[in-house]
Amino acid sequence: MQNILMAINMARASGRKLLAGIERYATAFAQWQAVMRPDEYLLEKSDGNDFWFRLDEIDGIISHVPSHPPKILNRLNIRKIKKPTVVFDAHQELVPGCSSLITDSHAIGTMAAEYFLGLGFSHFAYCGFRQLPWSQKRFIAYKQTLNENGISTVFEYQDDFSKTPQNSGQQLKISKWLKQLPQPVCVFTCNDDRAVFVLDACRIAGLNVPEEVAVLGVDNDELVCNLSSPSLSSIELDFENAGFLAAQHLNDLLQKKNENKIITVPPLEIISRRSTDVLALSDPDVAAALIFIRKNFQRPIQSADVVNATCLSRSELEKRFKRILKRTIKQEIERLRIDLIKKRLLNSNQPAYQIAAELEFTDPEHFPRYFKQATGKTPSAFRRKS
């Protein structure tokens, strides 16, 4: 039986999901005794030397260091402990001498940009933290994707939270920044905490969410998102599977079957709530077409069906579609269908033929060809790789 120190912050959803993945692996594949961190109030009088465990009895470590770590994690310098270690650190992505869990910030920023483009926005903004590498990477990917789609200007508000307190004074500054932006505007934030801060700043500025300012966070901490006013849309990250992979990798390190490496936490999907529940389109016919597509894309609809939902000719609707959304009607239908297929492949055990039947593919053999043409991989290869 090996003793594994699990310094996991369970106050937030990311930590609880990581722990769920670790538990899933350990129960099935490892002989571990988990050493958990007790609540902070039980440790407040600790002088920093009398830890609740003996380091020489610990075989391996999985550590989740949040943006504001508890005192006990500050005292516990993971890098000085010569044990196999996997770290998810909110301040830095790569921790010397350890394996690291890092979020796929490029995919996260790209997903946010494509989501807002699909809602028809013309004005885009980002709110994050300048000194955090993952926040910067999300902004760069967000801006790059928008630039590739013909958007040259992306407004940004970034500060250094280690030097600038996140208080009411900071909210006033953000509210002034928001009021200066052209509207309607969409604001992608580096995480859910920052998004809630922006929602409060909108309230101070007297701006309506989502009609004037749409806000999107990252992490999808459901309690935080649902208790926000309005409820917050957020990007769900695959922390549970990352926890499983982290535990699997730590077990390999313990058996000296592997070396330190990076484990990536990918985005899964965007959970849409009230904070982005809007179509930012001035053209009512294009808006009507988009509404029809979103209600019916799971059926094998064609461009002609979409045209019939508006008062325009096909040529006119196609022209407006390309001008406003930078893609054709057919491309929008296929984009939504492919995104749905990816989610089903990643988040369920449904066989490909069953997914094809739900999407009403009349020829089962056409389904893998359709998916491969769009993604470069067959459904089975995509699921296996992901």
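This briefing covers a pocket, a helix, a set of paired strands and several local backbone features of one predicted model. Because the model is predicted, local features need pLDDT of at least 70 and side-chain atom pairs count only at pLDDT 80 or more, while totals for chains, interfaces and linings use all residues. Residues are numbered from 1 along each chain as its sequence is written, and side-chain values use heavy atoms, with hydrogens and water left out. Helices (H or I, at least four residues) and strands (E, at least two) are DSSP runs, numbered from the N terminus.

**Largest pocket**

- The largest pocket has a volume of about 1800 Å³.
- On a 1 Å grid over the protein atoms alone, a pocket is an open set of points where a 1.4 Å probe fits, with protein on both sides within 12 Å along at least five of seven lines; lining residues have an atom within 4 Å of a point.
- Grid points are joined across faces, edges and corners, and the volume is the space filled by probe spheres set on the points.
- The lining of the largest pocket consists of 46 residues, and Met-111, Leu-268, Glu-269, Asp-339 and Lys-343 lie nearest the centre.
- At least two lining residues each come from helix H3 (105-118), strand E12 (267-271), helix H9 (284-296), helix H12 (329-347), helix H14 (366-375) and helix H15 (379-385).
- H12 gives the largest share of this lining, twelve residues.
- Sorted by class, the lining has 19 nonpolar, twelve polar and 15 charged residues (nonpolar: Ala, Val, Leu, Ile, Met, Phe, Trp, Tyr, Cys and Pro; charged: Asp, Glu, Lys and Arg; polar: the others, Gly among them).

**Helix H14**

- Phe-367, Tyr-370 and Phe-371 are the buried residues of H14 (buried means under 20% relative accessible area, exposed over 50%, partly exposed in between, with a 1.4 Å probe and protein chains only).
- These buried residues line one face of H14, because they fall within an arc of 90° when seen down the helix axis; the arc is that of the directions from the helix axis to the C-beta atoms.
- The buried residues of H14 pack against H12, helix H13 (352-358) and H15, where contact means heavy atoms within 4.5 Å.
- Gly-376, with a positive phi near 85°, follows H14.

- Two strands pair if DSSP finds at least two bridges between them.
- Strand E3 (residues 60-65) and E4 run parallel and are joined by five bridges; Ile-61 has Thr-85 as its bridge partner in E4.
- Strand E4 (residues 85-89) is mostly covered, with five of its five residues buried.
- Thr-85, Val-87 and Asp-89 point one way from E4, Val-86 and Phe-88 point the other way, and all are buried.
- E4 also pairs in the parallel sense with strand E5 (residues 99-103), over two bridges, and Val-87 stands opposite Ser-100 in E5.
- E5 is largely enclosed by the rest of the structure, because five of its five residues are buried.
- On E5, Ser-99, Leu-101 and Thr-103 lie on one side and Ser-100 and Ile-102 on the other, and all are buried, so both faces are covered.
- Four bridges pair E5 with strand E11 (residues 262-265) in the parallel sense, and Ser-100 stands opposite Ile-262 in E11.

- His-249 lies in helix H8 (residues 239-254) and counts as buried at 2% relative accessibility.
- Leaving aside residues up to four places away in sequence, His-249 touches Val-86, Ser-99, Asn-258, Glu-259, Asn-260, Lys-261 and Ile-263.

**Cis peptide bonds**

- The peptide bond from Gln-183 to Pro-184 is cis, with omega near 0°; Pro-184 is in the loop between helix H5 (168-180) and strand E8 (185-189).
- The peptide bond from Val-209 to Pro-210 is cis as well, with omega near 10°; Pro-210 is in the loop between helix H6 (192-205) and strand E9 (213-218).

- Asn-220, although not a glycine, has a positive phi of about 50°.
- Asn-220 is in the loop between E9 and helix H7 (222-227) and counts as buried at 1% relative accessibility.
- Glu-360 is a residue other than glycine with a positive phi, near 60°.
- Glu-360 is in the loop between H13 and H14 and counts as partly exposed at 41% relative accessibility.
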